[in-house]
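Visitor: I would like to learn how to read the contacts, the surface and the core of a model. Please take me through them one at a time.

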Amino acid sequence: MSLSLTLAALWAIAATIVALLPMRLQYLPGVTLLVAAPFLLGFIGFEHGVRVAALGLAGFVSMFRNPLRHFYRRARGEMPEIPQ
């Protein structure tokens with residue numbers, strides 16, 4: 001397996017572990033994974049092409065749909081509430 005796909009698999013495992021943490025402990029590792037994802041997707045696209053990167057993007061969006069929805073609402077000017 002290529003380096004980019006190995007890193008993507010480790011990223012997915014790390015994201016799953018972060019999701020198991022209590023909400024108050026998810027912020028720092030979650031933001032770190034959220035920031036690292038575009039670089040990882042770019043690396044996957046560079047090594048394997050756009051189709052494989054699109055599959056990775058679909059996995060990223062499915063795992064981070066709630067934070068992405070929150071940032072989308074904030075960008076539109078709404079003030080969504082953060083769960084406790």
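Guide: Start with a pair of side chains: that of Arg-76 makes a polar contact with that of Glu-78 at 3.2 Å. A polar contact is a pair of N or O atoms within 3.5 Å; within protein, one must be able to donate a hydrogen and the other to accept it, and residues adjacent in sequence count only if both atoms are side-chain atoms. Bear in mind that this is a predicted model, in which local features need pLDDT of at least 70 and side-chain atom pairs count only at pLDDT 80 or more, while totals for chains, interfaces and linings use all residues. Residues are numbered from 1 along each chain as its sequence is written, and side-chain values use heavy atoms, with hydrogens and water left out.

Visitor: With which residue does Arg-76 form a salt bridge?

Guide: A salt bridge is a side-chain nitrogen of Lys or Arg within 4 Å of a carboxyl oxygen of Asp or Glu. Arg-76 forms one with Glu-78, where the closest N and O atoms are 3.2 Å apart. By this rule the count comes to one salt bridge.

Visitor: Is Arg-76 buried or exposed?

Guide: Buried means under 20% relative accessible area, exposed over 50%, and partly exposed in between, with a 1.4 Å probe and protein chains only. Arg-76 counts as exposed because its relative accessibility is 54%. Glu-78, at 33%, is therefore partly exposed.

Visitor: In which segment is Arg-76 found?

Guide: Helices (H or I, at least four residues) and strands (E, at least two) are DSSP runs, numbered from the N terminus. Arg-76 is in the segment after α4, which covers residues 65–75. The protein has four helices and zero strands, so its pattern along the sequence is simply a run of helices, α-α-α-α. As for extent, the C-alpha atoms fill a box of roughly 40 × 30 × 15 Å along the principal axes.

Visitor: What does Ser-4 touch, leaving out residues up to four places away in sequence?

Guide: Contact means heavy atoms within 4.5 Å. On that rule, Ser-4 touches Leu-40, Phe-43, Ile-44, Glu-47 and His-48. Ser-4 lies in helix α1 and counts as buried because its relative accessibility is 0%.

Visitor: Which backbone oxygens does the side chain of Gln-26 reach?

Guide: Gln-26, in helix α2, reaches the backbone oxygen of Leu-21 at 2.8 Å and that of Val-18 at 3.4 Å. Apart from neighbours within four places in sequence, Gln-26 is in contact with Val-18, Ala-19 and Leu-21.

Visitor: How should I read a nonpolar core?

Guide: In soluble globular proteins, nonpolar side chains tend to be buried together. A nonpolar core is a set of buried Ala, Val, Leu, Ile, Met, Phe, Trp, Tyr and Cys residues joined through side-chain atoms within 4.5 Å. The largest one here has 13 residues, of which Trp-11, Ala-15, Leu-33, Leu-40, Ile-44, Phe-60 and Phe-64 touch the most other members. At least two residues of this core come from each of α1, α2 (23–48) and α3 (50–63). The most come from α2, with six.

Visitor: Which residues does Trp-11 touch, not counting residues up to four places away in sequence?

Guide: Trp-11 touches Leu-33, Ala-37, Leu-40, Phe-60, Met-63 and Phe-64. For the whole protein, 21% of the 84 residues count as buried. Among contacts between residues at least 6 apart in sequence, 60% join residues at least 24 apart.

Visitor: Which residues make the nonpolar surface patch?

Guide: Patches are made of residues with over 30% relative accessible area and no salt bridge: like charges are joined within 9 Å, nonpolar side chains (Val, Leu, Ile, Met, Phe, Trp, Tyr) within 5 Å. Accessible areas come from the Shrake-Rupley method with a 1.4 Å probe; for residues, only the protein chains shown count as cover. Leu-3, Leu-7, Leu-10, Ile-13 and Ile-17 make a patch of about 480 Å². Leu-7 lies in helix α1, residues 3–20, and is partly exposed because its relative accessibility is 35%. The protein exposes about 6300 Å², 70% of it supplied by carbon and sulfur atoms.
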